Amino acid sequence: MAIKFYFSPYSSAVRTHWALEELGIPYEGVRMDLKAGDQKKPEFLKLNPNGKVPTLVDDGVPYFESAAINIYLGEKYGVEKGLWPKPGTHAYGRAMSWTVWAAASLLNAGTRLIYNVSKEIPDDAKNAVQAEGARKDFEGLLGLLEAELADKPFLTGQTFTLADVLIAADLWWYQMAIVPDLSPWPQLKAWTARCVERPAFKRISTPG
Ligand SMILES: N[C@@H](CCC(=O)N[C@@H](CS)C(=O)NCC(=O)O)C(=O)O
């Protein structure tokens, strides 16, 4: 098998797991026990020195960072299937913009918000002012997505691509963690529902 995929459910690996299922390419999944520290074992650190999932090995070459892995997979396996725009086109540039935006901007605000409001974080480690600022930033970014989706069903146009995967995977998780109600962003709410209804996502998001 050419592709080996190291993952853990309900983690950043969902982004890549979903992409692999959409692409319909064969891969061997290796479920990691993060609590047991599988990701810090020396043999795994040789594949991903960050000691994190997702990690993907294609033809013996290891890759890390979910956005980079998804772009790589999209370019290599997704163009002919209509799941990633052809490199060099404007659609490709737009898909890249949203993919990098998800990894850099949305994730930054979302992470700051989680660390300041999550029940998993001890109260004395949280800061109300930081939480307020992070929520303002995060909701502002959701507003950008809302505007982008006003005139089209998917981020890069009329068809679903891996650009939708990266952000919808995060929105699915954020809904469980910090924004249970997406009603203030009706386009975004409808788009998230459209994306997570896809059979590929259902296959990987069902607990087990
Ligand atoms: N920016 C990275 C984030 C990867 C990441 O933080 N993975 C977490 C799970 S959500 C992990 O493996 N944590 C284990 C650890 O840090 O020990 C990506 O998008 O791939």
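Student: Where is Glu65 found?
Tutor: This is a predicted model, to begin with. Glu65 is found in the loop between strand S4 and helix H3, which spans 66-78.

Student: What is phi of Glu65 near?
Tutor: Phi of Glu65 is near 75°. That is a positive value in a residue other than glycine.

Student: Which residues are around the ligand?
Tutor: Glu65 is one of them, and Ser66 is another.

Student: How many of the shell residues are nonpolar, polar and charged?
Tutor: Two are nonpolar, five are polar and four are charged.

Student: Let's go atom by atom. How far is an oxygen atom of the ligand from an N or O atom in the side chain of Gln39?
Tutor: That distance is 2.8 Å. For the side chain of Lys40, a ligand oxygen is 3.2 Å from an N or O atom.

Student: And what does a nitrogen atom of the ligand have 2.8 Å away?
Tutor: A polar backbone atom of Val53. As for cover, the ligand on its own has 510 Å² of accessible area, and the protein covers 73% of that.

Student: Which pocket is the space taken by the ligand?
Tutor: The largest pocket.

Student: Back to Val53. What kind of peptide bond joins Val53 and Pro54?
Tutor: A cis one, with omega about 5°.

Student: Where does Pro54 lie?
Tutor: Pro54 lies in the loop between helix H2, residues 42-45, and strand S3.

Student: OK, S3 then. Which residue has its place there?
Tutor: Asp58 does; the strand covers residues 55-58.

Student: Is Asp58 buried or exposed?
Tutor: Asp58 counts as buried, because its relative accessibility is 2%, and buried means under 20%.

Student: What does the side chain of Asp58 contact?
Tutor: Its side chain makes a polar contact of 2.8 Å with the side chain of Lys76. Another polar contact, at 3.0 Å, goes to the side chain of Tyr77.

Student: New topic, helix H1. How many residues of H1 are buried?
Tutor: 11 of the 11 residues, 13-23, are buried, so H1 is largely enclosed by the rest of the structure.

Student: Which residues are those?
Tutor: Ala13, Val14, Arg15, Thr16, His17, Trp18, Ala19, Leu20, Glu21, Glu22 and Leu23.

Student: Why does Glu21 count as buried?
Tutor: Its relative accessible area is 19%, and the cut-off for buried is under 20%.

Student: Which side chain does Glu21 pair with?
Tutor: The side chain of Arg203. A polar contact of 2.6 Å joins the two.

Student: What follows H1?
Tutor: Gly24, with a positive phi near 65°.

Student: And what about the loop between S1 and H1?
Tutor: Tyr10 is found in that loop; strand S1 covers 3-7. Tyr10 has a positive phi of about 55°, although it is not a glycine. At 41% relative accessibility, Tyr10 counts as partly exposed.

Student: Now S4. Which proline lies there?
Tutor: Pro62, as the strand runs over residues 61-64. Pro62 is partly exposed, with a relative accessible area of 31%.

Student: How far apart are Pro62 and Leu47?
Tutor: They are 15 residues apart in sequence. In space the C-alpha atoms are 5.4 Å apart.

Student: Let's jump further along. What is the place of Glu132?
Tutor: Glu132 is in helix H5, residues 128-148. At 61% relative accessibility, Glu132 counts as exposed. Its C-alpha is 8.1 Å from that of Leu113, 19 residues apart along the chain.

Student: Last one. Is Ala168 buried or exposed?
Tutor: Buried, with a relative accessible area of 0%. Ala168 has its place in helix H6, residues 162-177.

Student: How far is Ala168 from Asn127?
Tutor: Their C-alpha atoms are separated by 28 Å. Along the chain, the two are 41 residues apart.

Methods: Residues are numbered from 1 along each chain as its sequence is written. This is a predicted model: local features need pLDDT of at least 70, side-chain atom pairs count only at pLDDT 80 or more; totals for chains, interfaces and linings use all residues. Side-chain values use heavy atoms; hydrogens and water are left out. A residue is near a molecule or strand if one of its heavy atoms lies within 4 Å of it. A polar contact is a pair of N or O atoms within 3.5 Å; within protein, one must be able to donate a hydrogen and the other to accept it, and residues adjacent in sequence count only if both atoms are side-chain atoms. Accessible areas come from the Shrake-Rupley method with a 1.4 Å probe; for residues, only the protein chains shown count as cover. On a 1 Å grid over the protein atoms alone, a cavity is a set of points where a 1.4 Å probe fits but cannot get out, and a pocket is an open set with protein on both sides within 12 Å along at least five of seven lines; lining residues have an atom within 4 Å of a point. A molecule sits in a cavity or pocket if more than half of its atoms lie within 2 Å of its grid points. Ala, Val, Leu, Ile, Met, Phe, Trp, Tyr, Cys and Pro count as nonpolar, Asp, Glu, Lys and Arg as charged, and the others, Gly among them, as polar. Buried means under 20% relative accessible area, exposed over 50%, partly exposed in between (1.4 Å probe, protein chains only). Helices (H or I, at least four residues) and strands (E, at least two) are DSSP runs, numbered from the N terminus.
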